[in-house]
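Please read it alongside the sequence and the structure shown here.

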Amino acid sequence: MPESKPAKRLARSQASAQAEAEAFTSTGQKDTLARAASVAELAKMAKALRRHIITMTAKAGSGHPGGSLSSAEIVTALFFKVMRHDPANPTWAERDRFILSKGHAAPLLYAALAEAGYFPVGELSTLRQFGSRLQGHTDRTATPGVEMSAGALGQGLSFSIGIALAGRLDSKDYRVYVLLGDGECDEGQVWEAAMAAAHFKVDNLVAIVDRNRQQLDGWTHDVMNIEPFPEKWRAFGWHVIEVDGHNFTEILDAFERAKHIKGQPTIIIAHTVKGKGVSFMENNPDFHGKAPTPEEAARALKELE
């Protein structure tokens, strides 16, 4: 049957629109298409990191899976899209720096470092073993790619300000990214550092808060209510961006926006779910610092296939 005139006109209109879209040279459309492909790859990597977290902590019989799982998208975006770094040269002077202030989420950082090529993935099985480079909290003297030895909470932001100011003094253009927990923000040192960063206009610093609303003893609003949280950071002089901490598009856009903020530090408040990706761990404070049993690990890995 011959094609009708309206159908022909519609086909010509659609072809014209497609040609116009393909000829449009603005990077916006191309970036959108590239970002879509990248997001799929990042999502696959985040799932791999989650599987490593479960396997590592289950084998060790200890560790902190909950807060590691909640930050998986944030760390994946940084190591596999945003940051400038070289696994073959961990001390490269021009590298961007990642500081894990919530040092108990070490399993997540180790998984990312291994997948990025800082050390063999097989070494992840040595988590928390005697003599291992992968201790329960990060040790910068032992593990390639680790920038700060962690233990006591609340210190990472201060440490990061020092690194950022050093970069300014040395005329380096590296950026510093520091990941904090929201429970960690009970610490007074965090707010002293927040004042200092704004005072010294440390605009090569980006803090990210894993806002999963839980800490060791329960929900943050019960232990020490930190609301109104975004308003506090604004009052301290920070540029505040809020995102869904499990949405790569929002996370990547936030990091890109932060690069253009001048004269003040940026904080990204990432709203997350503790234990994300494993049904029985999600929003379950029990798994803040408790490793899964072998049976629970098998169930979790099944969910993460």
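## Packing of α4 against α10

The crossing of α4 and α10 is right-handed. In this predicted model, the axes of helix α4 (residues 72–82) and helix α10 (residues 248–258) come within 10 Å, and the crossing angle is roughly 60°. The pair is therefore classed as oblique.

On the α4 side, the contact is formed by E73, I74, T76, A77, L78, K81 and V82, and on the α10 side by F248, I251, L252 and F255. Sorted by class, this contact of α4 with α10 comprises eight nonpolar residues, one polar residue and two charged residues.

## Packing of α4 against α5

Helix α4 also packs with helix α5 (residues 106–116), at an angle of about 30° and with the axes 10 Å apart. An angle under 35 degrees counts as roughly parallel, and α4 and α5 are therefore described in that way. The crossing of α4 and α5 is right-handed.

The residues of α4 that make this contact are A72, V75, F79 and F80, and those of α5 are L108, L109, A112, L113, E115 and A116. Of the residues in the contact of α4 with α5, nine are nonpolar, none is polar and one is charged.

## Burial of α4

How many of the residues of α4 are buried? Nine of the 11 are, and the helix is thus mostly covered. The buried set consists of A72, E73, I74, V75, T76, A77, L78, F79 and V82.

This set can be read against the two contacts described above. E73, I74, T76, A77, L78 and V82 are buried and are among the α4 residues that touch α10. A72, V75 and F79 are likewise buried and are among the α4 residues that touch α5.

## A111 in helix α5

A111 is located in helix α5. Is A111 buried or exposed? Its relative accessibility is 0%, and A111 therefore counts as buried.

Apart from residues up to four places away in sequence, A111 touches L49, H52 and L124. The C-alpha atoms of A111 and M56 are separated by 9.0 Å, although these residues are 55 apart along the chain.

## Packing of α6 against α7

The axes of helix α6 (residues 156–169) and α7 come within 8 Å and cross at roughly 25°. These two helices are therefore roughly parallel to each other.

Helix α6 contributes L157, S158 and I161 to the contact, while α7 contributes Q189, V190, A193, A194, A196 and A197. By class, the contact of α6 with α7 has seven nonpolar residues, two polar residues and no charged residues.

## The loop between β7 and α11

H288 is placed in the loop between β7 (266–271) and α11 (294–303). With a relative accessible area of 10%, H288 is buried. The side chains of H288 and K274 are joined by a polar contact of 2.6 Å.

When neighbours within four places in sequence are set aside, H288 is in contact with G63, H64, P65, G66, H104, Q215, L216 and K274. N283 also lies in the loop between β7 and α11. At 39% relative accessibility, N283 counts as partly exposed, whereas H288 is buried.

## Backbone features in loops

Phi of N283 is near 55°, a positive value in a residue other than glycine. K201 likewise has a positive phi, near 55°, and is not a glycine. The position of K201 is in the loop between α7 (188–199) and β3 (205–211).

Which peptide bond is cis? The bond from E227 to P228 is cis, with omega near 0°. P228 lies in the loop between α8 (220–223) and α9 (229–235).

## The chain as a whole

The protein chain contains 11 helices and seven strands. Of its 305 residues, 48% are buried.

Contacts between residues at least 6 apart in sequence can also be divided by separation along the chain: 75% of them join residues at least 24 apart.

Methods: Residues are numbered from 1 along each chain as its sequence is written. This is a predicted model: local features need pLDDT of at least 70, side-chain atom pairs count only at pLDDT 80 or more; totals for chains, interfaces and linings use all residues. Side-chain values use heavy atoms; hydrogens and water are left out. Axes are lines fitted to C-alpha atoms, for helices over the stretch in contact, and angles run from 0 to 180 degrees between N-to-C directions. Helices (H or I, at least four residues) and strands (E, at least two) are DSSP runs, numbered from the N terminus. Angles under 35 degrees count as roughly parallel, over 145 as roughly antiparallel, 65 to 115 as roughly perpendicular and the rest as oblique. A crossing is left-handed if the near helix is turned anticlockwise from the far one by less than a right angle, and right-handed if clockwise. Contact means heavy atoms within 4.5 Å. Ala, Val, Leu, Ile, Met, Phe, Trp, Tyr, Cys and Pro count as nonpolar, Asp, Glu, Lys and Arg as charged, and the others, Gly among them, as polar. Buried means under 20% relative accessible area, exposed over 50%, partly exposed in between (1.4 Å probe, protein chains only). A polar contact is a pair of N or O atoms within 3.5 Å; within protein, one must be able to donate a hydrogen and the other to accept it, and residues adjacent in sequence count only if both atoms are side-chain atoms.
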